[in-house]
Structure formats: C-alpha cells, structure tokens
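Here is a short walk through one protein chain.

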Amino acid sequence: MGSRSFLWSLAKNYFTVGLIGLTISDRYASIVPVRGNSMSPTFNPQTSTFLGSSDDDYVLLEKFCLQKYKFSHGDVVVFSSPSNHKEKLIKRIIGLPGDWIGTHSHDVIKVPEGHCWVEGDNLLSSMDSKSFGPCK
C-alpha cells in the first residue's frame, strides 16, 4: 500500500505543477525561441554555426499587461502571421495608428486605427508589413 500512495501523491504533485505551469504560460508569461534571421542582429546575430545550423535566441513573452499597455515605436512584439495563424512572428513596431509610412515602392500609407506597422531589423530578410501591410 505504501508504494501505491507514494505513486498517487507523486502523480497529484506533477499534475498540480503542470496545471500551474500551463496557466502561467497561457496567461502571464512564456519563453519562446526566435527562429530565422529577420530580427538579426538584435536576435540570432550569427546566421550559422560550425555545423551549419543557427542557434535560436529565446525571449520571455510577458502577457500580463496587454490589456492596458500603450505600444510605442521601437517595441518588439510577437503576433500571429497573417498568412498562417499558427505561426508566430517577432518584429519591431515602426508605425502606430495615424502614422504615415513610406514603403519600398515609394508609396505612402497611413496606418489605420487598431493596426500597427512592423518590420524586422534585418531589412533584407524579413517578411513584415512591407509584404503584408499593417498588422492588427
């Protein structure tokens, strides 16, 4: 009987820790890898290693203040890709609602209300608002 109660106690503890961890990562904060070189040199400054693969940097996503946070120019944000909502992108805010942004095709676009203009730090290797327009 001692072995069974020990296993039950251990299972309850792991389940409790798992639920707490899931709640924290869903509502408050989580650690995610930054893949690719669109934010280089800020993240993933070296494009390849000795073995030919890149080392991912990791960032702490703080989700607690999203309801009342005022975004500003230069903030780094994580959002769902407009073309694949399961994929997360990390970019820097360049324009906020009402800002006028000059594009590579020499057009000028006003960022609509409720949207922002985001770009990667590596301008030559970034799928960002220059490709898909303002983000919601």
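Residues 24 or more positions apart supply 41% of the chain's contacts, counting those with a separation of 6 or more. The model is a predicted one. Its chain averages a pLDDT of 82, and 90% of the residues score at least 70.

Now the layout. The chain holds two helices and seven strands. Read from the N terminus, the order is α-β-β-β-β-β-β-β-α. The chain has 136 residues, and 24% of them count as buried. Its accessible surface comes to about 9,900 Å². Carbon and sulfur atoms account for 60% of that surface.

Next, the sheet. Three strands form an open sheet, in the order S3-S4-S7, with antiparallel pairing. S3 and S7 (117-119) stand at the edges. Each has a single partner strand, so one side of each lacks a neighbour in the sheet. On average, neighbouring strands here are turned by 55° against each other, direction ignored.

S3 covers residues 76-80. Five bridges join S3 to S4 (residues 88-95), and the two run antiparallel. Two of the pairings can be named. Val-77 has Lys-91 as its bridge partner in S4. Phe-79 stands opposite Leu-89, also in S4.

Which residues of S3 lie on its covered face, and which on the uncovered one? Val-77 and Phe-79 make up the covered face. Val-76, Val-78 and Ser-80 make up the uncovered face. In a regular strand, side chains alternate between the two faces of the sheet.

Last stop: Asp-128. This residue sits in the loop between S7 and helix H2 (129-132). Is Asp-128 buried or exposed? Its relative accessibility is 0%, so Asp-128 counts as buried.

What surrounds Asp-128? Leaving aside neighbours within four places in sequence, Asp-128 is in contact with Lys-91, Val-118, Glu-119, Gly-120 and Gly-133. Asp-128 and Lys-91 are 37 residues apart in sequence, yet their C-alpha atoms are 7.5 Å apart in space.

Note on methods: Residues are numbered from 1 along each chain as its sequence is written. This is a predicted model: local features need pLDDT of at least 70, side-chain atom pairs count only at pLDDT 80 or more; totals for chains, interfaces and linings use all residues. Side-chain values use heavy atoms; hydrogens and water are left out. Buried means under 20% relative accessible area, exposed over 50%, partly exposed in between (1.4 Å probe, protein chains only). Helices (H or I, at least four residues) and strands (E, at least two) are DSSP runs, numbered from the N terminus. Two strands pair if DSSP finds at least two bridges between them. Axes are lines fitted to C-alpha atoms, for helices over the stretch in contact, and angles run from 0 to 180 degrees between N-to-C directions. pLDDT is the predictor's confidence in each residue, from 0 to 100. Contact means heavy atoms within 4.5 Å. Accessible areas come from the Shrake-Rupley method with a 1.4 Å probe; for residues, only the protein chains shown count as cover.
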